[in-house]
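Have the 3D view open as you read.

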Amino acid sequence: MAKHPSVEQLLDLFNWASPGMLVTDAEGVVVLANKAATELLKEHAATGAELPGALGINDHAALLTAGRPVENIDATFAHPRFPAGYANVGFGEVDGATYGFWALRPVTSHPTPSPRAAEGDTTAAAWIAEVDRPDEAYRPVGEDAVPLIKGYYDNCPVAIHLIEEDGTVAHANWKDIAIVGATEQPDTYVGHHIRHIYADQEVVEDFLGRWGEDAPIIDFRADFLNKGERVPVVIFSTARVEDDTLKNTRCFVFSDSHPDRERDKVKALDLAF
């Protein structure tokens, strides 16, 4: 079993993920940013920009010194319709240099899938429209970025898994394996069907149909299972579909910043997408 997804999968995962993904150097200066990050942060996602200050994070030096992954830091964004959300960051070395690996998620008013909001542009549907919006200025990263993307996969404290067409978990990073309680025996999770880690089966069964239709699942609150205990999470997931066939999902799962909030229910959602 390969530790990392393939080079093709890693590049697709980074470039077209629904959360903002960035890599900074030890000083917090941007080295890599994906499409979602450029939408969320505008010029603050440009190579050479100083990231922590742009996010309203003033203790970057202390975070770096501590060296521990940090989740759900309050963050501000440059996007006028999505001005706030959360940042996760972890630190690690690639080729002897220290980097910060960041995952950003905006706060939305309605998850996707959900009924259309009566008003406002802060819906998850509006966010994924921004991510998918063509932008000639964005240059997808190439194979020279793969070592840093592997570092991201290994160090950023956001759960990442890739699901195949039949629902099998093909790849999962350390955080994803930990969040479902499989750190000691990853093979009990990776290589098995994704439905086993969802607390509410109607949710995952609905998701399975959406992934096959290339329908996004954004800012959706659900519960995973860790040794029988519910773990509140927030899901940002899109699908990589080629020739009408699901190749794999790009699933990012955040520990919920508000675990006591009501879980989103598929029975209340617009299933027509």
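A charge counts as sitting over a ring if NZ of Lys or CZ of Arg is within 6 Å of the ring centre and within 35 degrees of the ring normal. Keep in mind that this is a predicted model. By that rule, Arg105 lies over the face of Phe254, 5.6 Å from the ring centre.

Now for rings against rings. A pair of aromatic rings is described by the distance of the centres and the angle of the planes. The structure holds nine aromatic pairs; here are two of them.

| Pair | Centre to centre | Angle between planes | Type |
|---|---|---|---|
| Phe101 and Tyr152 | 6.3 Å | 90 degrees | edge-to-face |
| Phe207 and Phe220 | 5.1 Å | 80 degrees | edge-to-face |

Phe101 belongs to strand S5 (residues 97-106) and Tyr152 to helix H6 (residues 146-155), so this pair links distant parts of the chain, 51 residues apart. Both Phe101 and Tyr152 are buried.

As for the other pair, Phe207 is in helix H8 (residues 201-212) and Phe220 in strand S8 (residues 217-226), so their contact ties together parts 13 residues apart in sequence. Phe207 and Phe220 are buried too.

Phe14 is one of the buried residues of helix H1, along with Gln9, Leu10, Leu11, Asp12, Leu13 and Asn15. That's seven of the 10 residues in H1 (residues 7-16), so the helix is largely enclosed by the rest of the structure.

Definitions and conventions. Residues are numbered from 1 along each chain as its sequence is written. This is a predicted model: local features need pLDDT of at least 70, side-chain atom pairs count only at pLDDT 80 or more; totals for chains, interfaces and linings use all residues. Side-chain values use heavy atoms; hydrogens and water are left out. Rings of Phe, Tyr and Trp (its six-membered ring) pair if their centres lie within 6.5 Å; planes under 30 degrees apart count as stacked, over 60 as edge-to-face and the rest as tilted. Helices (H or I, at least four residues) and strands (E, at least two) are DSSP runs, numbered from the N terminus. Buried means under 20% relative accessible area, exposed over 50%, partly exposed in between (1.4 Å probe, protein chains only).
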